[in-house]
Protein chains: 2
Amino acid sequence: MNSLDPQSNVTLKDVAAAAGVSLATVDRVINGRPGVSDKTARKVNSAIERLNFQPLAAAAELARSRPSRFAVLLPGGDNRFMKDIADHIRAQAPWFRARRITADILETNVFDADTLATELASLAGRYEGVAVVALDHPRVRAAIDDLVAGGTAVVTLVSDVPSSRRAHYVGIDNIAAGRTAGSLIGRFLGGRTGRVGIVTGSAALRDHAERLFGFGQVMAEEYPAVTLLPPVEGRDDPQQNRALVTRLLTDTPDLVALYNTGEGAAGIGVALADAGAARRILCVGHELTPDSRRLLLDGTFAALVAQDPGHEARSMARVLRALVSGRPIVPGQEHIRVEVILRDNLP
Amino acid sequence: MNSLDPQSNVTLKDVAAAAGVSLATVDRVINGRPGVSDKTARKVNSAIERLNFQPLAAAAELARSRPSRFAVLLPGGDNRFMKDIADHIRAQAPWFRARRITADILETNVFDADTLATELASLAGRYEGVAVVALDHPRVRAAIDDLVAGGTAVVTLVSDVPSSRRAHYVGIDNIAAGRTAGSLIGRFLGGRTGRVGIVTGSAALRDHAERLFGFGQVMAEEYPAVTLLPPVEGRDDPQQNRALVTRLLTDTPDLVALYNTGEGAAGIGVALADAGAARRILCVGHELTPDSRRLLLDGTFAALVAQDPGHEARSMARVLRALVSGRPIVPGQEHIRVEVILRDNLP
DNA sequence: CAATTTTTGAGTTGCGCACATCAAATTTCT
DNA sequence: AGAAATTTGATGTGCGCAACTCAAAAATTG
């Protein structure tokens with residue numbers, strides 16, 4: 001038998017007794033208050049180690065009881081994936097409430113660096129924690145760094161700004177996601193040759209760009225017999241995507257596959273259906289939405305590479321809380337997976 | 001702007017005032033204590049609704065403060081996946097400790113219904129919550145039902161006993177997992193025909209049997225040109241698997257793919273390497289272990305269908321806690337996904 | 001109507017910790 | 001040495017709720 005945590009009734013009082021000091025001193029050490037000599041601090045810390053003291057989360061929370069304020073900055077517009085994230089954050093309401101956290105979901109134009117940077121700057125001092133779907137741009141990076149310098153915990157969401165001082169990135173490795181899409185297309189083609197069309201939202205978005213990069217990497221390395229067409233930009237808009245794919249289909253007789261790095265799968269579905277090519281062209285896209293789900297079920301898309309917006313919403317909340325209240329982050333738990341969704345493992 | 005939880009300082013006192021009753025009465029209603037008339041109970045409940053009262057988790061926990069005891073019954077032996085789960089449960093120690101939960105990890109022979117049933121019966125009264133990797137057998141089901149009848153919260157882990165009264169199943173849909181493996185093999189074969197070998201642990205295990213079922217379903221429906229060989233049982237043992245696969249390779253000239261429903265991938269890898277067929281035969285297996293990871297990286301396996309043991313360990317803990325302390329379960333969060341792992345999206 | 005039962009109020013205690021305050025002890029400086 | 005600064009102790013309060021007890025009020029009964 002393997003007993004976890006046999007007897008952990010170790011309280012601050014026990015620590016104080018073991019260290020031969022008063023409760024007040026233990027409190028000073030633990031909460032980093034001034035006025036403790038190094039010697040006593042060491043005594044206390046060693047007692048904590050020795051007794052394996054672990055503060056009771058409930059009591060600490062209750063006693064602290066100053067509510068934390070979080071802000072989540074999401075792109076406006078009608079991006080379905082972002083709406084899903086927002087919904088999952090709202091679904092967390094009980095979790096937030098029980099922890100005395102208020103979360104404001106703010107919409108903004110994340111595609112404009114100035115707007116985003118200004119918006120970020122306006123949050124300083126008003127929030128303890130900020131999550132942002134960020135554009136990777138020097139001005140945005142500076143705004144993030146300023147927030148961090150001001151004592152605000154900042155995490156990036158879905159799209160990262162690696163060079164900034166953000167404490168954490170909640171999202172997937174988009175290069176790996178692109179590689180995964182590439183491997184799926186390469187494998188599914190099973191030796192067939194021809195051209196592969198690429199529909200992307202915008203090359204200016206870091207996540208899309210990284211997916212393209214990973215995709216190109218794998219195709220070049222593993223499937224050199226397949227030719228990649230230059231990416232066409234549809235801004236994640238179904239109408240534009242439809243027009244672009246229709247043109248691809250007429251211009252490219254030997255088109256064998258399509259890779260969509262972003263949203264707007266519905267437009268691709270319509271274009272393929274119109275051309276009667278729905279199940280002849282191999283399609284792989286990203287993110288699970290009502291549209292992409294439908295196209296996966298009817299066989300238009302062979303697979304989706306996705307990230308779980310619910311997991312991201314919860315991970316964001318946990319990480320921000322951990323950051324502002326100085327508690328540990330369970331490793332592994334916050335790793336967002338690159339998921340492969342076929343018709344058969346649809347959640 | 002979308003503010004979550006604008007001002008939720010609603011406490012029991014507020015509810016009492018709003019309902020025009022005393023704190024004691026509110027407490028009686030909320031905690032189901034006797035001695036409250038229907039009329040007052042309704043008044044209180046409506047006040048709770050109206051004010052959107054949500055008990056502060058921390059305070060409730062602190063006040064309750066009777067430690068909960070959980071038991072986790074895992075199969076003994078050297079199953080790597082089970083060891084991973086155990087490790088992830090141990091990694092939860094701080095989480096458990098902070099919530100005054102003690103968890104005992106018990107090993108037993110889950111393959112023997114009598115042993116397992118006896119073991120389960122012995123837990124009655126000693127634990128508030130039990131998680132068990134269960135064999136689907138009438139005697140085991142009866143033991144689970146007895147535990148539940150005695151007031152113990154029971155969840156099944158990894159392998160379910162659907163007909164029992166367990167409150168929850170923490171694990172994947174194994175039929176979907178088998179279907180996913182089937183689709184991967186079918187797609188990856190890309191029109192090639194031939195025979196597919198199946199290596200299974202034991203047909204007596206519900207999870208393996210369900211995977212076989214799902215796999216067979218997809219292959220029959222979607223890829224009728226491919227012939228499935230009868231499954232061979234290797235008991236998840238690398239040695240046996242090696243021998244079985246070696247025989248398959250010599251006996252079946254037109255073997256094009258292998259499906260392993262369980263563990264022991266290492267044995268398959270050795271057999272394939274010995275026969276020089278490592279990257280010629282398409283292999284799909286289950287679960288991510290050091291062995292399967294290696295074989296995925298070196299190209300022997302094309303894909304793995306997996307479940308996240310860390311997620312399962314955490315989900316089990318959350319669900320048990322929710323069950324014993326009557327708190328809500330966040331839907332979605334406890335759904336264990338059927339993951340597809342390629343070389344490119346290895347975690 | 002009185003006697004009983006049921007329902008409600010009022011209050012206390014404690015969970016373990018954070019965060020004060022004030023006084024006492026100790027060390028450091030002049 | 002005395003004065004000043006630093007370090008420590010003692011003690012209290014409150015966070016919001018659970019879980020009691022005991023008495024008072026109301027409703028039900030004979």
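**Salt bridges, burial and the chain contact**

Modeller: Gladly. Over all chains, a search of the whole structure finds 35 salt bridges. Please keep in mind that this is a predicted model.

Colleague: What makes A:Glu210 and A:Arg206 a salt bridge?

Modeller: The closest N and O atoms of A:Glu210 and A:Arg206 are 2.8 Å apart. The cut-off is 4 Å between a side-chain nitrogen of Lys or Arg and a carboxyl oxygen of Asp or Glu, so the pair qualifies. Both residues lie in helix α10 (residues 206–222) of chain A, four residues apart, about one turn of the helix. In general, an α-helix has 3.6 residues a turn, so residues three or four places apart point the same way.

Colleague: Which residues are linked in a network with A:Arg206?

Modeller: A:Asp136 and A:Glu210 are linked with A:Arg206 in a network of salt bridges.

Colleague: Why is A:Arg206 called partly exposed?

Modeller: Its relative accessibility is 28%. Buried means under 20% and exposed means over 50%, so a value in between is partly exposed.

Colleague: Now to the two chains. What do chain B and chain A bury between them?

Modeller: They bury about 5,400 Å², with 53% of that on carbon and sulfur atoms. Chain B gives 59 residues to the contact and chain A gives 57 residues. Across this interface, the rule finds eight salt bridges.

Colleague: How do you know that A:Arg337 and B:Asp308 form a salt bridge?

Modeller: Their closest N and O atoms are 3.4 Å apart, and the limit is within 4 Å, so the pair counts. A:Arg337 lies in the loop between α14 (309–324) and β13 (339–341) of chain A, while B:Asp308 lies in the loop between β12 (303–306) and α14 (309–324) of chain B, so the pair joins two chains.

Colleague: Why is helix α12 (residues 265–274) of chain A called largely enclosed?

Modeller: Seven of its 10 residues are buried, so the rest of the structure largely encloses this helix. Among the buried residues of α12(A) are A:Ile268, A:Ala271 and A:Leu272. Their cover includes β7 (194–200), α11 (238–251), β10 (255–260), β11 (282–286) and α13 (290–297) of chain A. After α12(A) comes A:Gly276, which has a positive phi near 65°.

Colleague: What does A:Thr180 touch?

Modeller: Leaving out residues up to four places away in sequence, A:Thr180 touches A:Val305, A:Val338, A:Val340, B:Leu342, B:Asp344 and B:Asn345. A:Thr180 is found in helix α9 (residues 174–189) of chain A, and at 0% relative accessibility it counts as buried.

Colleague: How many disulfides does the structure hold?

Modeller: Zero, over all chains. A disulfide needs a pair of cysteine sulfur atoms within 2.5 Å. As for individual cysteines, A:Cys283 is buried at 0% relative accessibility, and B:Cys283 is buried at 1%.

Colleague: One last item: what makes A:Leu12, A:Leu23 and A:Ile30 a patch?

Modeller: These three form a nonpolar patch on the surface, with about 220 Å² of accessible area together. Take A:Ile30, which lies in helix α2 (residues 23–30) of chain A. Its relative accessible area is 37%, which makes A:Ile30 partly exposed. Patch members need over 30%, so A:Ile30 clears that cut-off.

Key
Residues numbered from 1 in each chain as written. Chains lettered and ligands numbered in written order. Predicted model: local features only at pLDDT ≥ 70, side-chain atom pairs only at ≥ 80, totals over all residues. Heavy atoms only, no water. Patch = residues over 30% accessible without salt bridge, like charges linked within 9 Å, V, L, I, M, F, W, Y side chains within 5 Å. Areas by Shrake-Rupley, 256 points an atom, 1.4 Å probe, with all protein chains shown as cover. Buried < 20%, exposed > 50% of the residue type's maximum accessible area, 1.4 Å probe, protein only. Contact = heavy atoms within 4.5 Å. Buried area = accessible area lost by both parts, 1.4 Å probe.
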